[in-house]
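Please open the structure in your viewer and keep the sequence beside it, so that each selection can be found in both.

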Amino acid sequence: MNFIQDNQTDQCLRFSCPERSVSAVYVLLYVCAAAVVLLTVCGNLLIIISVCHFKQLHTPTNMLILSLAVSDCLVGALVLPIVLIWTIESCWVFNRGFCISFILTSYFLTSTSIYNVALIAVDRYFALSNPFLYTKAVSVITVCFVVLCDWFVLLLYNVALQYFTGNLRTVLTCPRDCFLLLDEVWSLVDLLVTFVFPCAVIIIFYTLVFIIAKKHATAIRELNAQTRTQTSKNMTDSMRSERKAAKVLGVLVSVFLACLFPYFIYSLLGNVVEIEADSFQKVLLLVYLNSTINPVIYALFYPWFRKCVRLTLTLQIFRTDSELIKVL
């Protein structure tokens, strides 16, 4: 990726982060940054506690949501604070060793989040397209195994990416920024592996999901028109539940793609023309802020999540047999 370099080499060698005067705006920026980090960590932590504690939520799909919440929580705890400090200070205030660990962590957690969303899209498609086979073949243990393999493979890929690209360098030869500079081949490979392929899976399978959901809606109307038996009512309720879950996850996926799309554009442009490092930094911040948005989506669209939050905050989860409480 080609970045515009504002300073000459001799200037970079003498470069150090300027001291910032403490003002009301400066303090307010850090207060807002702290609020964003707390919202990200606590919001995703509530999702993790809810899915782990309540047995009614121990479903294959929720294991994927749990995996996404874990990666988002780690982004909030390990990546987002550093990015926000970097953005506010307009300068990389940490040393080179910290930069290397930051790049490895951020690349790994971001790619894990993307593949978690891709797995959710595939899961919803098979659950809607062939519910009987899905119920029989897909179990919580199976999904947990797939998730662990996903995390392990992506960790190996990100370690290999940084190993085979030689060394990690800052954008400038001075401590202003912290980016991994890849040559054209590795940049293209990384773009295909961590963005194009999983996003293509997400778009294709969610398009199929909404086609199926539309067919289900037609089937429900016809079923209601023809009969009012208890069996048809149960089937109708089940189909409505699946459609609602698909729509809510569709909102999550749409927001996710909206946050990633600017990064995709900048990644493509970065291989053709020079772009400003500051602009690319803001695009990266948008990608990380998606981890903050996800718990808000759950709170707005999932009644079970709001109930779980209430039970958790009122400490009712510490009661005997609280894991058996019906939250759906």
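Predicted model: local features only at pLDDT ≥ 70, side-chain atom pairs only at ≥ 80, totals over all residues.

Residues are numbered from 1 along each chain as its sequence is written, and side-chain values use heavy atoms, with hydrogens and water left out.

Begin by selecting L28, which belongs to helix α2, residues 24-53 (helices are DSSP runs of H or I with at least four residues, numbered from the N terminus). L28 has 51% relative accessibility and therefore counts as exposed (exposed means over 50% relative accessible area, buried under 20%, and partly exposed in between, with a 1.4 Å probe and protein chains only).

Next, select helix α3, residues 60-89, whose 30 residues should span 44 Å at 1.5 Å a residue, in agreement with the 43 Å between its end C-alpha atoms (the expected span is 1.5 Å times one less than the number of residues). Because 23 of its 30 residues are buried, α3 is largely enclosed by the rest of the structure.

Move on to S90, in the loop between α3 and α4 (96-129), where phi is positive, about 55°, although S90 is not a glycine. Most residues other than glycine have a negative phi. S90 is partly exposed, with a relative accessible area of 45%.

Finally, select L315 in the segment after α10 (303-313); its phi, near 65°, is also positive in a residue other than glycine, and at 53% relative accessibility L315 counts as exposed.

Definitions and conventions
Helix = DSSP H or I, 4+ residues; strand = E, 2+ residues; numbered from the N terminus.
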